[in-house]
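Thanks for making time this morning; I would like to take you through one model, going from the whole chain to a single sheet. Please have the viewer open while I talk.

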Amino acid sequence: MRRSVVIRTVTLATCLAVLIVLSSCGGGGSSSDTSNEKPIARVSPETEQFIQVGGSINFSGDSSSDPDGNNPLNYQWTFSGAITSIQQSTDSNAGMVSFTEVGTVTAKLVVTDSLGLASDITTVVINVAAVNSNQPPVGSISHDDANGSVGSAGNFSITAGSSVVFSSTVTDPEDDSISYAWDFQGGTPATSNSSSVTVNYANAGTFPVSLVVSDGNSNSVTIPATPLLVTVVANLPVFKHLPILMPTMVGDVATYTLNAQENINVVVETPEGSWTTPMMRYNDLQLPPVIVAKRGDSIEVNVNNNLIASDEDTTVHWHGFKIPGSQDGGPDFPIPAGTSKTYSFTLVQPAASLWFHPHAHGTTATQVYKGLAGAFILTDDITDALEANNELPSGEYDIALLVQDRQFTEETNVSGVRDLVYQVGMNGVLSDRILVNGAEMPALDVATSQYRFRLYNASNARTYNFALDNGANFYVVGSDGGLLNIPVLTKNIMLGAGERAEIVVDFRHRLNQQIKLISRAVGNNSADSDVMRFDVNREVTDPVVLYASLPANAEINTRLTKADASVTRDFVMSMRMGPTGGIVFLINEMTFDMSRIDETVVSGAIEIWNIQNTSVMEHPFHAHAIQWQVLDRGPTGGILTAASGVELGWKDTVLVQPGETVRFIGKFDPVVNSGLYMYHCHILEHEDAGMMGTFEVLP
Ligand code: C2O
Ligand code: CU
Ligand code: CU
């Protein structure tokens, strides 16, 4: 009986043991009771911490960190050291623990599983710093530009359009999280909050770079303390000289050919790169040509109008020339597309910087804008002698600058091709890029010498006030009709559309300097603009001593006075709203009518023309056939001031300001002047809109 009980007991014990195993199997899967592993105490945060006194840290444990799942786990947090709030916790998340004394604190976590097996102790060190020991971050920046120039510090230069990688190396003694605030003036992007950044510089200038780094405790520092300077050097196009058109001699007559062409692929160079633009040009040339001739020469110019696709009339008007009306190239003698005309005349006037351009009815402005124009340099015995005697810069020191503003589209769908943009406003066409001999802001290498520049304002409408960016003086030695008797020292020369000036700039003491020709804000320009740059990089001995006055008997020295005049004519330039809403541009209340002769002049007469501008904008008044001398100018109805200085030169185009009266005097040369001629505003859009009249010179 007892045995049986024992057996039963044993059986029961066996049964119990089996039940325990079964229940263990149900809760723990396939593990056996001999493989209990200790849990792992995972702490967040897990690395050494730096904190300011008074700060807190949120500690949490990992509730699934027993490999064999003997949950629930029991958490034992201990915070030993300089801490006052929580020192123990049995939650998996100890929560926010604040540290109120300076020192090193240890956060410990031990996890025990449901079978009583304890984890290793996991420890996190917390450095509690006093407020006044909180240090700002320290570091440096470095750069790596596209030219391969790598520098750790210091200023450097790059060419416009290149990129620079700026990197920073910054550490914080308290190891706070660091934030970055870069400032790149003149760069793209202008700011960044990455530790390293690539910056592109499109435009020339000198630009500071600074980095402000901040730590988590609002300590900020600027690196470097004095901002690094990046000098961005413009990649300027190389200045190009206008091509000289060579004549063939037919007997004594120099014969030239000008083919008016369209859709010539002209390469336009700018500081931002170059592209091709379909333009009009003479003779397939990339640039407007120059004709050089001497007083007394007879020339013939065969003009072929090849503007077939445009199917436009053209002419070649000889601007500033004293030639017969039939040769003058006005709208009264159009050359239809596909036809030709030969101009033939003798040069009977003093040496001057003249020019030529189309003048067909209604298409003058667009044909000039698209690229038809040229310079005409007339010499004479006086200029030859001045050059030979080293009294005037000559040869390579005598350079024509054809200044024209143009606007282009962004690149078209043909890569590398842009089109001209012709945008007409009330002031005519004012475009955003100033081209000199076809390039924007070209750089010309010059020697330590005096240079004579022939400034041509061949723009449709823009007025320039040319000056040097270093504020230096220069001489004006010539105006539209030739040399000034006495060179005039000045800091600026204003030229309206169609006007020219010859200036002498002295680079003798400027070795290694870069000097810009600029246009100061004036008239229809609201700001200063760069025009071109002179890089003085060659040393020469300059033999030129500029003439003090022209030979006394020079014809160009003739000074006409009011008493010489037999006739005075009045011309009023005005603008108002037309009947259909647009603005009409008027001279003496009339718009141009080719069938009307507005004024009749007798050849040989000396006349005073009295020009008033009653409109709100400036207009450059131009008359064909004649060179004038300004008598005086001033507010209409007020006191007129006698011409002086530069205004003593001969003029064919004169800027007249709003509300101003300008009087000039000239002689209609009895040998050459006969036929029909035009007078008009040389803002070509105004001219095409009808601000023009016809005068006839009777033989
Ligand atoms: Cu330069 Cu009638 O013009
Ligand atoms: Cu003209
Ligand atoms: Cu005008």
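I will begin with conventions, then the overall dimensions, and then the sheet.

This is a predicted model, in which local features need pLDDT of at least 70 and side-chain atom pairs count only at pLDDT 80 or more, while totals for chains, interfaces and linings use all residues. Residues are numbered from 1 along each chain as its sequence is written, chains are lettered from A and ligands numbered from 1 in the order in which they are written, and side-chain values use heavy atoms, leaving out hydrogens and water.

The C-alpha atoms of the chain fill a box of roughly 165 × 50 × 50 Å along the principal axes. Of the 699 residues, 49% count as buried, meaning under 20% relative accessible area with a 1.4 Å probe, protein chains only.

As for secondary structure, the chain has 4 helices and 53 strands, taken as DSSP runs, with helices (H or I) of at least four residues and strands (E) of at least two.

One open sheet of 5 strands runs in the order β2-β8-β7-β4-β5, with mixed pairing, where pairing requires at least two DSSP bridges between two strands. Because β2 (49–52) and β5 (88–89) each have a single partner strand, one side of each is left without a neighbour in the sheet. β2 pairs with β8 (residues 122–129) in the parallel sense over 4 bridges, and the bridge partner of I51 in β8 is V128.

How values were computed:
Buried < 20%, exposed > 50% of the residue type's maximum accessible area, 1.4 Å probe, protein only.
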